[in-house]
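Trainee: Could we go through this model together, one question at a time?
Mentor: Gladly; have a look at it first.

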Amino acid sequence: MTTTTPDGVADTTLGWSLAVVLRRWHELTESSLTDIPHGSRGYHVLTAAVQAEPPTQAALAERLLIDRSVMTYLLDDLESAGLVRRRVDPGDRRVRRVCATERGREVLAGARTRVDHVEERVLAGMDEPSRALFRASALRAATAIQESSPTTDPCAAVREVAGAEPGPASGGAGAHGGRGGGRARRGA
């Protein structure tokens with residue numbers, strides 16, 4: 001099998017390989033998630049909101065590495081679209097838990113199918129055992145990186161690789177901002 005590499009070099013860096021995969025994943029995913037405010041970022045928030053124990057707004061921002069002020073705008077847009085709701089935590093009235101609505105669960109089910117299809121397209125050049133190994137290895141690597149450097153911002157990496165223009169609020173709204181609710185672009 002012949003592969004296309006920069007300048008025809010067969011031995012490329014891991015960074016180049018990951019950037020090519022990430023760029024393609026990002027392009028296809030964003031175009032498949034136009035029904036979710038903020039695209040893939042909204043998708044990740046919605047995915048977290050369907051968990052058995054709804055996350056707090058602050059914990060969700062921390063887990064997804066989204067600035068708290070940006071998370072507020074993102075949740076406003078998801079709430080306006082009827083996909084999530086914020087409810088007061090019964091144990092602490094100052095805390096808000098983010099819960100998916102029934103409509104949010106339905107939208108997420110369709111989005112998951114589309115994202116699975118995107119992943120299959122992105123990894124189509126690999127046989128199934130190789131795709132499964134790649135996914136498992138990528139998850140292990142990402143988990144190890146996140147645990148050792150919890151302030152690493154994956155959205156900044158996506159913006160850099162995807163070539164998105166920085167946005168006004170976070171120094172990089174790029175491809176994720178500007179969806180839903182007619183808001184100005186406020187972060188990836």
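Predicted model: local features only at pLDDT ≥ 70, side-chain atom pairs only at ≥ 80, totals over all residues.

Trainee: What distance separates the end C-alpha atoms of helix 1?
Mentor: Helix 1 covers residues 14-32, which makes 19 residues.

Trainee: Which residues have the most contacts inside the largest nonpolar core?
Mentor: That core has 25 residues. Helix 2, helix 3, helix 4, strand 2 and helix 5 each give two or more residues to this core. Apart from it lies another core, of 5 residues, with W25 and V122 among them. Back in the largest core, the residues with the most contacts are I36, V45, M71 and L78.

Trainee: Is Q57 buried or exposed?
Mentor: Q57 has its place in helix 3. Leaving aside neighbours within four places in sequence, its contacts include M71, L75, R86 and V98. The cut-off for buried is under 20% relative accessible area. Because Q57 has 18% relative accessibility, it counts as buried.

Trainee: How far apart are the C-alpha atoms of R114 and S32?
Mentor: R114 lies in helix 5, while S32 is one of the buried residues of helix 1. Beyond its neighbours within four places in sequence, R114 is in contact with S32, L33 and D35. R114 and S32 are 82 residues apart along the chain, and their C-alpha atoms are separated by 6.5 Å.

Methods. Residues numbered from 1 in each chain as written. Heavy atoms only, no water. Helix = DSSP H or I, 4+ residues; strand = E, 2+ residues; numbered from the N terminus. Expected span 1.5 Å × (residues − 1). Buried < 20%, exposed > 50% of the residue type's maximum accessible area, 1.4 Å probe, protein only. Core = buried A, V, L, I, M, F, W, Y, C linked by side-chain atoms within 4.5 Å. Contact = heavy atoms within 4.5 Å.
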